[in-house]
Amino acid sequence: DTSSGFIPKCRACRRQARERSGEGDHHEGLSSDEELTPTEVDEFQKSKDNVLEDSRKIFEDVHADFCDIRKILLKFQEWKEKFPDSYCDAYISFCLPKLLNPLIRVHLICWDPLEQNFTELEEMPWFRAIEEFSDAENVSGSK
């Protein structure tokens with residue numbers, strides 16, 4: 001808790017200890033205060049693994065047509081083509097972000113842009129499906 005002055009006191013104590021010991025090569029702001037101990041790293045990895053395992057179970061009881069973004073968007077595309085007035089009256093373009101949000105979040109749980117070999121958002125299948133749907137909507141909207 002920084003309001004109690006705990007962190008500044010610790011830093012001040014370490015600074016004084018460095019000054020007494022004669023360490024002259026320390027650069028302010030390059031401290032390793034935020035480095036995790038091996039125990040903390042293990043606990044974090046276990047917690048992360050538990051979250052990823054739980055995320056795989058979220059849609060296990062949902063029919064495939066309703067947990068796959070591409071399939072959902074195909075249903076909306078069919079609706080738009082067969083009943084354009086009804087589709088327009090339902091303000092689907094405003095509803096889709098809220099509808100797809102939980103599905104996208106599940107896909108992003110394991111995404112880590114700080115990894116060396118991470119997948120770009122634009123390369124993810126759900127992103128391409130939304131992009132294709134948006135392009136099809138723009139083309140048909142201009143007609």
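Biologist: What makes I69, W126 and I130 count as residues that I104 touches?

Modeller: In this predicted model, a contact needs heavy atoms within 4.5 Å. I104 meets that with I69, W126 and I130, once residues up to four places away in sequence are set aside.

Biologist: And how far apart are the C-alpha atoms of I104 and I69?

Modeller: They are separated by 8.2 Å, though I104 and I69 are 35 residues apart along the chain. I104 itself sits in helix α5.

Biologist: Why is I104 called buried?

Modeller: Buried means under 20% relative accessible area. I104 has 17%, so the label is buried.

Biologist: OK, on to charges. How many salt bridges does a search of the whole structure find?

Modeller: Two. One of them joins R56 and E53.

Biologist: What makes R56 and E53 a salt bridge?

Modeller: The cut-off is a side-chain nitrogen of Lys or Arg within 4 Å of a carboxyl oxygen of Asp or Glu. For R56 and E53, the closest N and O atoms are 3.3 Å apart, so the pair qualifies. Both residues belong to helix α2 (residues 38-56) and are three residues apart, about one turn of the helix.

Biologist: Why is R56 called exposed, and E53 partly exposed?

Modeller: Exposed starts over 50%, and partly exposed lies between that and the buried cut-off of 20%. R56 comes out at 57%, so R56 is exposed. E53 has 38%, so E53 is partly exposed.

Biologist: How do you know that R70 and E132 form a salt bridge?

Modeller: Their side chains meet at 2.8 Å, N to O, and the limit is 4 Å, so R70 and E132 pass too. R70 is in helix α3 (residues 69-82) and E132 in helix α6, so this pair ties together parts that are 62 residues apart in sequence.

Biologist: What are the relative accessible areas of R70 and E132?

Modeller: R70 has 35% and E132 has 44%. Both values fall between 20% and 50%, so R70 and E132 count as partly exposed.

Biologist: Which residues gather in the patch of negative charge on the surface?

Modeller: E120, E122, E123, E131 and D135. As for what makes them negative, Asp and Glu count that way.

Definitions and conventions: Residues numbered from 1 in each chain as written. Predicted model: local features only at pLDDT ≥ 70, side-chain atom pairs only at ≥ 80, totals over all residues. Heavy atoms only, no water. Patch = residues over 30% accessible without salt bridge, like charges linked within 9 Å, V, L, I, M, F, W, Y side chains within 5 Å. Areas by Shrake-Rupley, 256 points an atom, 1.4 Å probe, with all protein chains shown as cover. Charge placed at Lys NZ, Arg CZ, Asp CG, Glu CD. Helix = DSSP H or I, 4+ residues; strand = E, 2+ residues; numbered from the N terminus. Buried < 20%, exposed > 50% of the residue type's maximum accessible area, 1.4 Å probe, protein only.
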